[in-house]
Amino acid sequence: MEARGRVAGMRAALVALVVVMATAARSRAQLQVGFYDTLCPAAEIIIQEEVSKAVSGSPGVAASLIRLHFHDCFVRGCDASVLLDSTPGNQAEKDAPPNSSLRGFEVIDSAKTRLEQACFGVVSCADVLAFAARDALALVGGNAYQVPAGRRDGNVSVAQETNGNLPPPTASVKQLNQIFGSKGLTQSDMVTLSGAHTIGMSQCSSFSSRLYAYGPNAGQDPSMDPSYVAALTQQCPQGGGGLVPLDPVTPTAFDTNYYAGIVANRGLLSSDQALLGDPTTAAQVVGYTNSPDTFQTDFAAAMVKMGAIGVLTGTAGTIRTNCRVAS
């Protein structure tokens, strides 16, 4: 009986995975490259100009915009729900603890304001996020890629829904696979998209347990290079706050130094360093350090795939004229 129960459970999990994969494939088919070519010809140009202006003033904005797109797609799909403000009766996603450090909202607002002036009610906030992430990536050294568009916006944003949908900084490879798999993404996609950590910053609180409270003896994480630990304790005193580059070597350049850091036991987050502890993910990590071009190509493809998670198209959803407010 127990064996039959396990088999039934495995079958149910497999069926669920197949459904997720099939839904993702349909979503990608419903989006189109050049969606706004006739509907709003200047759309992609306007967004690129606003992103370029923001990144030139503050290079760190690039990482923020890529992260915004990721955090949007992993909760309710890529429907711009992460942009909605909280209301007196509802705490929105952006105010949930995992999203407290999100930045870049004002860049989306600026682009959307210009888009509404050029083509009122045509370009969705969800598509603005997808285009902005692509443009930000290209400005810091990543491969430019074509963005299939046609997403529509949702009107629901609930803080509690971030629980279990966004990978925590302490996640194991198994946990990462579960979260990414539930979105129709593979383990290979997970390792590739983790490479976004080659730019941007992390709050000290996201990894301080590795410095001061690791294991039963509350010591330092033995998997972290001791000299890196020493440097981090200077930047993040116990109980203190602050921000640290995820990649201390080239924090504003989109390259493979993130993976090189993991190989050298200098992955900042537990979830980063965990990629070296699994033979399959470790092979991909090492492979990217040896072939930066492969990483760049894979990352662009993975962003397109991620951008199709749970999208609303056709007559589903809406086009919000103000990305912060439900329509």
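Author: R134 is buried, as its relative accessible area is 9%; please keep in mind that the model is a predicted one.

Reader: What makes R134 count as buried rather than exposed?

Author: Buried means under 20% relative accessible area, and R134, with a relative accessible area of 9%, is therefore buried. D135 also counts as buried, its relative accessibility being 6%.

Reader: Why is the contact between the side chains of D135 and R134 called a salt bridge?

Author: The term asks for a side-chain nitrogen of Lys or Arg within 4 Å of a carboxyl oxygen of Asp or Glu, and the side chains of D135 and R134 meet at 2.6 Å, N to O, so the pair qualifies.

Reader: How do you know that the salt bridge of R324 and D109 ties together separate parts of the sequence?

Author: The side chains of R324 and D109 meet at 2.7 Å, N to O. R324 lies in the segment after α13 and D109 in helix α4, so the pair ties together parts that are 215 residues apart in sequence.

Reader: Why is R324 called partly exposed?

Author: Partly exposed lies between the buried limit, under 20%, and the exposed limit, over 50%; R324 has a relative accessible area of 28%, so it belongs in that class. D109 is likewise partly exposed, with a value of 21%.

Reader: What makes C204 and C236 a disulfide?

Author: The cysteine sulfur atoms must be within 2.5 Å, and those of C204 and C236 are 1.9 Å apart, so the pair is a disulfide. The link is left-handed, with -65° about the S-S bond. C204 lies in the loop between β1 and α8, and C236 in the loop between α9 and β2, so the pair ties together parts that are 32 residues apart in sequence.

Reader: How do you know that the buried residues of α9 line one face of the helix?

Author: The buried residues of helix α9 are Y228, V229, L232 and T233. Seen down the axis of α9, these buried residues fall within an arc of 135°, so they line one face of the helix. The buried residues of α9 pack against α8 and β2.

How values were computed
Residues numbered from 1 in each chain as written. Predicted model: local features only at pLDDT ≥ 70, side-chain atom pairs only at ≥ 80, totals over all residues. Heavy atoms only, no water. Buried < 20%, exposed > 50% of the residue type's maximum accessible area, 1.4 Å probe, protein only. Helix = DSSP H or I, 4+ residues; strand = E, 2+ residues; numbered from the N terminus. Arc of directions from axis to C-beta. Contact = heavy atoms within 4.5 Å.
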